[in-house]
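Hello,

Here is the structure I promised to pass on to you. Please have a look at it first, and then read on for what turned up.

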Amino acid sequence: MSQNVLDDSRSVEATKKVIPKLIAIWIVTSLIGSLLVWFVLGPHLPPGTMTDQAAGAQFDIRFVSTLVPPVLFFIWIFFGYSLIKWRVKPGEDPLAPAADFRGNSKTQGAWYIITTVLVLFLAAFGTYFLVVPAGAGGGEGPNPIWTPGTKNMLQVQVIAQQWRFTYRWPQFGGMETTSIYLPVNTEIQFNVTSLDVIHDFWAYQLGVKADANPDVNNVAFTKTQQLGRFTVRCDELCGVWHGAMYNYGYVVSQAQFQQWATQMEAQNAAVTKLLPKYSTTYTPSYAGNGGGYYPPQDPNANL
Amino acid sequence: MAIDYSKATGTGSSSGAPGGGGGGLLKPSIITGIIGGVIGWLLGHWIGNSFTQGYQQVQGSGSNDIAEFLGYIGMIIGWFAGLGALSYPIKKMFGAEPETEEPVTEKGWTKYFRYTLDHKTVGVQYLFGMLIYFFTAGLLALAIRTELLSPTYHIWSPDTYIEIVGEHGTMMMMMMTSVVLGPFGNYVVPLMIGSKRVAFPRLEALSFWFTPISYFILLSGLWQGGFQSGWTGYAPLSVQQGVGQDTYILGFGLQGLSMVCASTNIVATIINYRAPGMSWSRLPVMGWSMLSLGFTMILSIPVLIDGLYVLALDRTAQTSLLYSGHGGSSFLWENLFWFFGHPEVYLLAIPGFGLVAEIIPVFARKPVFAYKTSAAGFIGLAILSFFVWQHHLFQSGMNPDMRPLFMLTTELISIPTGFIYLVGMGTLWRARIRLTTPMLFMLGVYFNFLFGGLTGVYVSDVPINVTVHGSFFVMAHFHYTIMGGVIFAFFGAIYYWTPLVTGYQLSEKLGKIHFWTMIVFFNSTFLPLFAVGLLGMPRRVFEYAHRLQFLNQWVSVSAYLLGASLLFFAVTFIWQIAVTRKPTVRNPWGSRSLEWFVESYPPPAYNFKRVPVVLSWPYEYGDPNALPVADIVNETKDLDPVGRA
Ligand code: HEM
Ligand SMILES: [Cu+2]
Ligand SMILES: [Cu+2]
């Protein structure tokens, strides 16, 4: 170590004193930043509060966002300070050695421990909020392991195909509709499947997302809690018209829903008889609406 | 350490550079390669069409995939035959001992159009190749942004649009994986470790010559109906597609082979060709990053190639491995693809981090902080990257019980990523900082990657993933990590090593204009996309909600300006190395690293007259009494041990 070439600004003593100051600045700015995120931005964060799952996602995004300012400011403050303070000044020999140290066991140790704890905490946080809200609105496959407490659920089957969604209602005679209405304050079970390629059912305001795979029943749960309109978009690239594969649905009062459903059931009765029997998956057939992928000799074509 | 002092290696190249016979146009070069490729294609296509006559063609494609594949395979063989790449291995196979040749000492630019075995020539070939691929895919990105100027008015037809999206994504992901390894790994790393050559010059050359043909094949998809499956190629959509999809399979597959060749060579070189004294604890950080990268490539890329093979079988031989109706599963492709795909994203991150940790100490006049931690960071990233792939499939419906585990492993990756920040912050602490152009780019990596890493925490949190998966949020996340990370590092490295590679100096003023415009417009392009995604816009769509129009227009305009900044780079860079050509001083940045102590810039074909003996760690910037990095320093009149020329 050659202390002689070090000017005061780079000495250990000078920098020792500045660290507490930087930490103080960091605490204050982070506090302000985090409070702003939590209270000002927080309530407006997507995806809203139309269902329990959406509200849960909103809480998670809000919580993680609140952790962002401390990390951001920590890095910015230390980088910023170094760059301003120790930038080569005019007249200084730019190639002269700066401080000569290769590590600092305390700093390194603290860094390893803090990042590890933070990461483990985040994983635990994520797991808790995945399990408790019955899978958090995500597709859980054919045998869901995180389910709502009740058996009393509205079953909605989402059938995706190039390039539209239709819905089947096993509790209403297995009818198929092109529109979707849901009753408020109700547990909903979505059974998502596809007739051709992989699509994804994304009901944004409901906080629900589940891939629609051919021959797979992908189950997702949500509990409606507010009236309103929601957007359904296909969220997995499915070919030319993927960008146009969307529609809108509505959460309505339970009475309105009953009225809509019974009316649709009656109206569709003739068509429903022609549909294949309700099932959690359907083998896509050549005669179907697929993009011609399944050759005519497909043994399943006539099932 | 195996240092070979025999004469053959003393020449800086190994035996048997191709060609030799003939002269002029018929001497193997890119021209004969193209001729060979055309002949090969015609032959393959003809064979395919003749023996599959009447064969069930893929429905709706209007073309025969078998002829398509055989045509391209013929083209690939013809290309390499024309380049002269096959003559040495074939002679060897038949027991002949091919003549050993001196490395190509051809003066001027023509050698860059030939299959050559000098790692420095290959590095330069890669540099220009990568720039061409990057700019091509960049133009496609501007085409995408043009469509997204309006939520409903369409510039492109829906099929053209989705083809452009697929070409952009595939080109970037498959090519940019080699963006550091190709140019700088090949050029600089052997010099850094004091070697006269690389371990497998033929593999290295092969790895480069795969790229132009893979580029051409992928682009040829555009005039064959393209492929609508994006870079992820999910089946059964990718089975359903027309012949354009075959260009995806072959283009990506060839690029995979290129990476396997390149990484095998770099790993063998770093392990075996370090100069005496270049112990593991003295290996430059860049060497550690290339080593981790190489191993990750060797282990992950074959899985991609297997996956593509399965897809090709489904498309040609009518197997149904990816089609659930007959016992296959569309989940198979998703797993194979992401088992490669996640390591792939770290193949993009690790070299960027390597450059950052390598270059910052030079401009901080301090030893790299926590050297071992940085190496551990690369290795940690490399290992963990194999245990997280299902975080791309959180909503797919496959094994939900594994989600907490994959969430945990994914979030663990933040720990080695954090190491890189620790290294940066520690190195700058009490430093003597010069904000040169390369340094600015390296700091830019830290600035940008922070957003990429922090949003990584959002996307890996399964409940949040429900909202953001498949949206522009993910898209912004990975552009921050890739473009903001490795691409910034790549440009920084160009500014840093151009004096060594060309002997010319680049203007600091122009470089800074490039840096500041690039970082401002990069952030202005991608930061709003986090919001766009959170507000509900999926990726790869051509229609979106009216309320998102302003943000999208902002992004598109920023993207044009970002394009302008990159164009500015291209013009000023070419201008300075081709026209103004201001000679550089020796060791312009005052680095201690071995590559700067070669006799001349650009380095002679044999790199070093004799193998240097490494005397000290390359990062002793803080100790004026440290020994010079190697014993050749004095001979080449670089007297000052801190690297002053
Ligand atoms: C802090 C570390 C990181 C974490 C925790 C993380 C996490 C994730 C997760 C969970 C996804 C899946 C999102 C989804 O589709 O639902 C994702 C996507 C992606 N990430 Fe990261 N990531 C990190 C760093 C990186 C790095 C370093 C790169 C590349 C250099 C990268 C590139 C990508 C890409 C390309 C995708 C999207 C692929 C696609 O769907 O096309 N990420 N990341
Ligand atoms: Cu779709
Ligand atoms: Cu990943």
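Which residues are the protein donors of the copper ion (ligand 2)? This is a predicted model, and in it the donors are H199(A) through ND1, C234(A) through SG, C238(A) through SG and M245(A) through SD, lying 2.1 to 2.5 Å from the ion. The angles among the four donor atoms run from 94 to 123°. Since a site with four donors counts as tetrahedral if all angles lie between 85 and 135 degrees, the site of the copper ion (ligand 2) is tetrahedral. Along the sequence, the donor residues follow the spacing H-x34-C-x3-C-x6-M. H199(A) belongs to strand β6 (residues 199-203) of chain A and C234(A) to strand β9 (residues 228-234) of chain A, so this pair ties together parts that are 35 residues apart in sequence. H199(A) is buried, at 0% relative accessibility, and C234(A) is buried too, with a relative accessible area of 1%.

The copper ion (ligand 3) is coordinated by H342(B) (ND1), H391(B) (NE2) and H392(B) (NE2), at 1.8 to 2.0 Å. These donor residues are spaced H-x48-H-H in sequence. H342(B) sits in helix α12 (residues 330-364) of chain B, while H392(B) is in the loop between α13 (371-384) and α14 (403-412) of chain B; the pair, 50 residues apart, links distant parts of the chain. H342(B) is buried, with a relative accessible area of 5%.

The iron atom of ligand 1 lies 4.8 Å from the copper ion (ligand 3). H477(B) is placed in helix α18 of chain B.

α5(B) gives the most, with nine residues. By residue type, the lining divides into 25 nonpolar, six polar and six charged. Why does the pocket lie between domain 1 (13-116) and domain 2 (117-580) of chain B? It lies there because both domains give residues to its lining.

Last, some backbone details to look at:

- Q162(A) and W163(A) are joined by a cis peptide bond, with omega about 0°; W163(A) lies in the loop between β1 (154-161) and β2 (164-169) of chain A.
- The peptide bond from Y601(B) to P602(B) is cis as well, with omega near -10°; P602(B) is in the loop between α20 and α21 (632-635) of chain B.
- N185(A), a residue other than glycine, has a positive phi near 50°. N185(A) is in the loop between β4 (180-183) and β5 (187-194) of chain A and counts as partly exposed, at 48% relative accessibility.
- R581(B), also a residue other than glycine, has a positive phi near 45°. R581(B) is found in the loop between α20 and α21 of chain B and counts as partly exposed, at 42% relative accessibility.

How values were computed. Residues are numbered from 1 along each chain as its sequence is written. Chains are lettered from A and ligands numbered from 1 in the order in which they are written. This is a predicted model: local features need pLDDT of at least 70, side-chain atom pairs count only at pLDDT 80 or more; totals for chains, interfaces and linings use all residues. Side-chain values use heavy atoms; hydrogens and water are left out. Donors are N, O and S atoms within 2.8 Å of the metal (3.2 Å for Na, K and Ca); water is not among the atoms, so sites may look incomplete. Four donors count as tetrahedral if all angles lie between 85 and 135 degrees; four count as square planar and six as octahedral if opposite donors are over 155 degrees apart and all others between 65 and 115; anything else is irregular. Helices (H or I, at least four residues) and strands (E, at least two) are DSSP runs, numbered from the N terminus. Buried means under 20% relative accessible area, exposed over 50%, partly exposed in between (1.4 Å probe, protein chains only). Ala, Val, Leu, Ile, Met, Phe, Trp, Tyr, Cys and Pro count as nonpolar, Asp, Glu, Lys and Arg as charged, and the others, Gly among them, as polar. Domain bounds come from an automatic or database domain assignment.
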